[in-house]
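Visitor: I'd like to learn how to read a few features of a model like this one. Could you walk me through it?

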Amino acid sequence: MTKAEARKLYLEKRMALTDAKHEELSRIVFANSIHDSSDVKKAKTIHTFISMKRTREFDTKWLFGLFSHQKKRIVVPRVNPDGTMQHFYYEHPGQLVENRFGIPEPYAGVIADIKEIDLVFVPLLAFDVDGNRVGYGKGYYDRFLKDCRPDCIKAGISFFTAEKKFSDVEKHDVRLNICFTPYQTYTFRP
């Protein structure tokens, strides 16, 4: 399967989820996998995407609640008009405004030092058994992850199981270390 085929298929699968099923899968993956993850527990500074409701991503409100309770430092992204990403320490919900794609982003705040980030939750549509992920095709996260520390954990969250392999993985694609699903947690070796 190509990444483009996976992108189309898994977006369709996510969009077919009912509201009740989406909420159930978000709750299960959070409670069964993320909540008790040793990687999450060890991390002091965690970068997370802010979920897009229109594409039915995992609801990151669960992460914000957990990380605030555990006194973790949270970092959130903003995509600039030139295609680069900036990263801000999350302070409060009022710091966020929706961009032109309907994604909440920080409009101001303290710019984060990405070398402090211990774990990044990376948005994805699909992933394979080798830890390759399919995002939305813009490459924002691949560029960002190359600048993170080598020991920074790259984590995905999916409502679905891993694909066998993507046939068109490129050398600039950054692999996941771990992917949480409602069914199991996948770990990938470097």
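Visitor: By class, how many nonpolar, polar and charged residues does the lining of the largest pocket have?

Guide: First, the model is predicted. As for the general idea, rolling a probe the size of a water molecule over the atoms shows where empty space is left. Here the largest pocket has a volume of about 920 Å³. Its lining has 39 residues, and Val 79, Ile 103, Tyr 136, Lys 138 and Tyr 140 are the closest to the centre. By class, the lining has 18 nonpolar, eight polar and 13 charged residues.

Visitor: Which elements give two or more residues to the lining of the largest pocket?

Guide: Those are α1 (3–15), β2, β4 (96–98), β5 (104–106), β8 (133–134) and α5 (140–146).

Visitor: And what is the volume of the second largest pocket?

Guide: About 210 Å³. Of the 15 residues that line the second largest pocket, Ile 50, Ser 51, Lys 53, Thr 60 and Pro 104 are the closest to its centre. Both α4 and β4 supply at least two residues of that lining. By class, the lining of the second largest pocket divides into seven nonpolar, three polar and five charged residues.

Visitor: On to helices. Which residues of α2 are buried?

Guide: An α-helix has 3.6 residues a turn, so residues three or four places apart point the same way. In α2, the buried ones are His 22, Leu 25, Ser 26, Ile 28, Val 29, Phe 30, Ser 33 and Ile 34. Among the elements covering them are α3 (38–42), α4 (61–69), β6 (119–122), β9 (153–157), β10 (178–180) and β11 (185–187).

Visitor: What span should helix α2 have, and how far apart are its end C-alpha atoms?

Guide: Count 1.5 Å a residue: the 16 residues of α2 (residues 19–34) should span 22 Å. The end C-alpha atoms of α2 are 21 Å apart, which agrees.

Visitor: Now salt bridges. Which residue does Asp 19 meet in one?

Guide: Side chains of opposite charge can pair when their charged atoms come close. In this model, the side chains of Asp 19 and Arg 56 meet at 3.1 Å, N to O. That pair links distant parts of the chain, with Asp 19 in helix α2 and Arg 56 in the loop between β1 and α4, 37 residues apart. Asp 19 is exposed at 61% relative accessible area, whereas Arg 56 is buried at 14%.

Visitor: What else does Arg 56 touch?

Guide: Leaving out residues up to four places away in sequence, Arg 56 touches Arg 14, Met 15, Leu 17, Thr 18, Asp 19, His 22 and Phe 159. Have a look at the backbone too: Arg 56 has a positive phi of about 55°, although it is not a glycine. Lys 71, in the loop between α4 and β2 (73–79), also has a positive phi, near 60°. Lys 71 is exposed, with a relative accessible area of 74%.

Visitor: How many salt bridges does the count come to?

Guide: Eleven. One of them joins the side chains of Glu 170 and Lys 3 at 3.5 Å, N to O. Glu 170 is in the loop between β9 and β10 and Lys 3 is in helix α1, so the pair ties together parts 167 residues apart in sequence. Glu 170 is partly exposed at 42%, while Lys 3 counts as buried at 11%. Another bridge is between Arg 149 and Asp 151, at 2.8 Å, N to O.

Definitions and conventions: Residues numbered from 1 in each chain as written. Predicted model: local features only at pLDDT ≥ 70, side-chain atom pairs only at ≥ 80, totals over all residues. Heavy atoms only, no water. Helix = DSSP H or I, 4+ residues; strand = E, 2+ residues; numbered from the N terminus. Expected span 1.5 Å × (residues − 1). Buried < 20%, exposed > 50% of the residue type's maximum accessible area, 1.4 Å probe, protein only. Contact = heavy atoms within 4.5 Å. 1 Å grid on protein atoms, 1.4 Å probe; cavity = no way out; pocket = protein on both sides within 12 Å on 5 of 7 lines; lining within 4 Å. Points joined across faces, edges and corners; volume = space filled by probe spheres on them. Nonpolar A, V, L, I, M, F, W, Y, C, P; charged D, E, K, R; others polar. Salt bridge = Lys/Arg side-chain N within 4 Å of Asp/Glu carboxyl O.
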